[in-house]
Amino acid sequence: MIAQPGTAVWFARHEWRLAWRDWIGMMSGGKRKRLHRVIAAVALFVVFMHFVAYWMIGRFAGTAPDQATFAAVTASVLMSWLLMVSQAMESTTRALYARSDLDLILASPVAAENVFAVRIVTVAASLALMALPLAAPFIDILIARGGWRWLGAYALIVAMGAAATALAVALSVVLFRVVGPKRTRFVAQVLAAVIGAAFVIGLQVAAILSSGSISRTSLLQSQTFLARLPDAASLAWWPARAALGDLTALAGVLALSLALLLATIVLVAPRFGEYAIVASGLQAGVVVQRRARSFHRRTQQQALRVKEWMLLWRDPWLVSQTLMQMLYLIPPAVLLWRSFDDGHGAYQLLVLVPVLVMAAGQLAGGLAWLAISGEDAPDLVASAPIPPRFVVRAKIEAVLGLVAAVFAPLVVALAFVSPWHALITGLGIVVAATAATSIQLWFRTQAKRSQFRRRQVSSRLATFAEAFSSIGWAATAAVAAASLPLAIVPGVLAFLVVAGTWLMSPRQPHA
Amino acid sequence: MQPASAPLALELAGLVKRFDRPAVDGLDLSVRAGEFYALLGPNGAGKTTTLRMIAGLLRPDAGSIRVADIDALADPVAAKRLMAWISDEPMIYDKLTPLEYLEFVSGLWGVTPALAEMRARDLLGWLDLTANAHERCEGFSKGMRQKVALAGALIHEPRLIILDEPLTGLDAGSARQVKNVLRERVRCGGTVIMTTHILEVAERMADRIGVIGRGKLIAEGTLEELRLQAGGKNAAGSVGAATLEDTFLALLAEPAEAA
């Protein structure tokens, strides 16, 4: 069936074809062979996750739905939903601000609301589709162990995607009106990062303050907390009931979510075109940097380092992208602060060590990509009278300097509580940050800084290696902090990950 | 036009670069100090590849590059000190202001701060960018960005300026400013080698013109010399007052016919 041009169905076909090709391109990097490998890897991952799911939640499948179960399921649903809202805000902002084909569509004699309605639905659909591979193993195990009632969890994902998109679109429009089109993009992206992390962090901070443990489940299982919750018949538990297979609750949640999405489309889609036109009319930047100072005397390496720091500092979008990682440092910081209070938190501090090491590795990886691969004037730097190895060295120094600036205060504070933990954490941070930076260096490519969000496209191997390396060094530091000789095992594994990555990396001619 | 006794600013001998096919195929080229040299050729002729090899951004598969008596392949850092490279896509940072950009570039080339600041203010004045000196480049038009890039290229007073299609996308006013600055550099003894598709620019500005096709130098000389090499034919194929466009097309047609 061929849809009438300009209709919502016609636009939907067009949008989904583009989305599909975009996704395939992102997965394969334009290489068919790589696509097969990615499909095989995803399949293996999904199978592996079924085992993980069985180990983690298999025993809960037959649990009778009581208040504690509702609380735990609601927390999981809420955490996932907030992550979806965060992702939806990213997508909605992009729909407003990314030009791509918008100029063509808005200049054509078709109803713009059709395309925006389709784009809003596409956001909701892509959220649900992205969540499915992650949630499916858990749901499958619950179905296998607890019966068909758990099938409702799949429908709940669709409802969550719809509700998350409705909220994200509404929030974006409110921001557009309240803070203005110029600031909406930045504020929305920061808000997206905060929303995505807020719930987990909030639970962890509450757990630390109430029980001195970083585990968020400790709060959810505490009697004091459970006593304050609404009774089992409350509407607040409907999402949890829906996930647990209560058909009435599922129908209610699904209907409400879809109604919210529909209302958002009807109310917002006709205005979205105007917003997009306003956004496109923005002067990209008449940002004036007033200064009276003169030029500084700097070596070539200093000039490069200062440039990197200045570019990062002035790019709120990049700051918001790294903010997510930094937000996860709040619970360890609170735990550290609480350890000062009671003075005997050495055992609890064990949990701090891997969190800090892992965060350092992740932060270093992101910054290293920006400094090494995300060079906006590669020809300028390459044509300067400075040997390439000095350029690379200056950029590495810029990255490690920033990592040091972020983590040094925490390590120093830790040293007052436990010098041993501080020593291990410091070493772990240095090794994890160096490993992540090295991986980015071996797999460096030439890209624009604005492509940061899609940096994993250039090399999936580097992305996974960076993550596994950080996890490996975090585990090594955690075991070493407990003074266990066993630390050599994760240490060797982490080293093998890094060494293997180096062997598989493309050789760089001017390294 | 520089006398034949002027020292060589650039000398290419047997330059070869292959990608899937030969992009530059045994190119010999000499440019004297103080000369404005325009390199013309159709798309894919090897112009940009040649310039990128001179600027040290690509390594040739064979041949040699000498920049004012320095072997640029043996000592690229020394050669880069004397050169500046500008492409058709301005190489600037959106989040820096023109002054900050010039401070960064002068840092890379090791220009002393006081001298760099003085030159920066002069260059921004010549290029009509003084009013925008403290604005971030992210809101600049293509012409303004190209002028910032040009100021960056000139801040260290290079002896050899290499430009790849520097006037693409510029309005008439910006193009004139860029041309004036380049003329001034040549008048002061600098050497300019530039590719362009705007034949009028080559005709008016260049002391000598090289025509490149399929990676080889097909013809070289002043406009008059090129006309003679092409047989002085105009667009209609008859002998007459041929424009550079007629000459250029006639020169390119000859090797194709020979092939």
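Five residues face inward on helix H21 of chain A in this predicted model: the buried positions of H21(A) are A:Pro490, A:Ala494, A:Val497, A:Val498 and A:Thr501. Viewed along the helix axis, these buried residues sit within an arc of 85°, so they line one face of H21(A). What covers them? The face pointing away from the buried side of H21(A) carries the exposed residues A:Val492, A:Ala499 and A:Leu503.

Step back to chain A as a whole. The chain has 21 helices and zero strands. Of its 511 residues, 41% count as buried.

Helix H6 of chain A makes a second case. H6(A) covers residues 152-178, a run of 27 residues. The same kind of check applies here. At 1.5 Å a residue, H6(A) should span 39 Å. The end C-alpha atoms of H6(A) are 38 Å apart, which agrees. Is H6(A) largely enclosed or largely open? In H6(A), 19 of the 27 residues are buried, so the helix is largely enclosed by the rest of the structure. Just past the end of H6(A) comes A:Gly180, with a positive phi of about 90°.

Pick one residue in H6(A) and look around it. A:Ala162 belongs to this helix. A residue counts as buried when 20 or more other C-beta atoms lie within 10 Å of its own. A:Ala162 has 29 other C-beta atoms within 10 Å, so A:Ala162 is buried. Which residues does A:Ala162 touch, leaving aside neighbours within four places in sequence? The contacts of A:Ala162 are A:Ala124, A:Ser257, A:Leu258, A:Leu260 and A:Leu261. For a sense of distance, take A:Gly426, which is 264 residues from A:Ala162 along the chain. The C-alpha atoms of A:Ala162 and A:Gly426 are separated by 44 Å.

Next, the contact between the chains. Chain A puts in 30 residues, and chain B puts in 30 residues. On the chain A side, helix H12 (300-313) and helix H17 (378-382) each supply at least two residues. H12(A) gives the most to that side, with five residues. The chain A residues that touch chain B divide into 15 nonpolar, seven polar and eight charged.

Strand E9 (residues 208-213) and strand E10 (residues 216-221) of chain B run antiparallel, joined by five bridges. Within the pair, B:Ile212 stands opposite B:Leu217 of E10(B). E9(B) and E10(B) make a hairpin, with two residues between the strands. One turn residue, B:Arg214, has a positive phi of about 50°.

Last, the confidence scores. Chain B averages a pLDDT of 86, and 92% of the residues score at least 70. The model as a whole scores ipTM 0.80 and pTM 0.72.

Methods:
Residues are numbered from 1 along each chain as its sequence is written. Chains are lettered from A and ligands numbered from 1 in the order in which they are written. This is a predicted model: local features need pLDDT of at least 70, side-chain atom pairs count only at pLDDT 80 or more; totals for chains, interfaces and linings use all residues. Two residues are in contact if their C-beta atoms, placed from the backbone, lie within 7 Å. Helices (H or I, at least four residues) and strands (E, at least two) are DSSP runs, numbered from the N terminus. Ala, Val, Leu, Ile, Met, Phe, Trp, Tyr, Cys and Pro count as nonpolar, Asp, Glu, Lys and Arg as charged, and the others, Gly among them, as polar. Two strands pair if DSSP finds at least two bridges between them. The expected span of a helix is 1.5 Å times one less than its number of residues. A residue is buried if 20 or more other C-beta atoms lie within 10 Å of its own, exposed if 12 or fewer, and partly exposed in between; C-beta atoms are placed from the backbone. The arc is that of the directions from the helix axis to the C-beta atoms. pLDDT is the predictor's confidence in each residue, from 0 to 100.
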